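Let's walk through some packing and ring geometry together, one question at a time. Have the viewer ready and follow along.

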Amino acid sequence: QVQLVESGGGLVQAGGSLRLSCAASGRTFSSDNMGWFRQAPGKEREFVAAITSSGGRTYYADSVKGRFTISRDNAKNTEYLHMNSLKPEDTAIYYCAARGLIPHGPYRYWGQGTQVTVSS
């Protein structure tokens, strides 16, 4: 059974940092593109960042460019989202995704999400 499990979310003050992790199990994703999306209350899910299978190319939404960094460790079957200079508008549930058309998808596999709350 394929599973993507996010972790690392939480409550942080504006200007702070968090690192999200997405651990995959059930199959290897070393040959697949992976990404991060988020959904704020009352809004549709939106693209945040994506990374190619080798990690050689990355893509970012304009709203996070320069503040967020996506990375992956194929040996650990894990992807990461490093978030710096967080803003209240970054508050959302963050979802990792795997095996899809880069950068915006669609993606076949999704995690259950992790809450990120940024206080002002």
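A charge sits over a ring if NZ of Lys or CZ of Arg is within 6 Å of the ring centre and within 35 degrees of the ring normal. Keep that in mind as we look at this predicted model.

Q: Which residue lies over the face of Trp 110?
A: For an Arg, the atom to check is CZ, which must be within 6 Å of the ring centre. At Trp 110 the distance from the ring centre is 3.8 Å. The residue lying over this face is Arg 45.

Q: How far from the ring centre of Phe 29 does Arg 27 lie?
A: Here too the limit is 6 Å from the ring centre. Arg 27 lies over the face of Phe 29, and the distance is 4.8 Å.

Q: Is Trp 110 buried or partly exposed?
A: Trp 110 clusters with Phe 37, Phe 47 and Tyr 107. Tyr 107 has 7% relative accessibility, so it counts as buried. Trp 110 has 29% relative accessibility, so it counts as partly exposed.

Q: Which residue in β8 does Ala 23 stand opposite?
A: Ala 23 lies in strand β3. Strands β3 and β8 run antiparallel and are joined by 6 bridges. Ala 23 also touches residues including Asn 77 and Thr 78. Its opposite number in β8 is Thr 78.

Q: How many residues are in the largest nonpolar core?
A: In soluble globular proteins, nonpolar side chains tend to be buried together. Leu 4, Trp 36, Val 48, Phe 68, Leu 81, Met 83 and Tyr 94 are the ones touching the most other members of this core. Strands that each supply at least two of its residues include β3, β4 and β9. The core's total is 33.

Note on methods
Residues numbered from 1 in each chain as written. Predicted model: local features only at pLDDT ≥ 70, side-chain atom pairs only at ≥ 80, totals over all residues. Heavy atoms only, no water. Core = buried A, V, L, I, M, F, W, Y, C linked by side-chain atoms within 4.5 Å. Buried < 20%, exposed > 50% of the residue type's maximum accessible area, 1.4 Å probe, protein only. Helix = DSSP H or I, 4+ residues; strand = E, 2+ residues; numbered from the N terminus. Contact = heavy atoms within 4.5 Å. Pairing = 2+ DSSP bridges. Phe/Tyr/Trp six-rings, centres within 6.5 Å; stacked < 30°, edge-to-face > 60°. Lists of a residue's contacts leave out its neighbours within four places in sequence.
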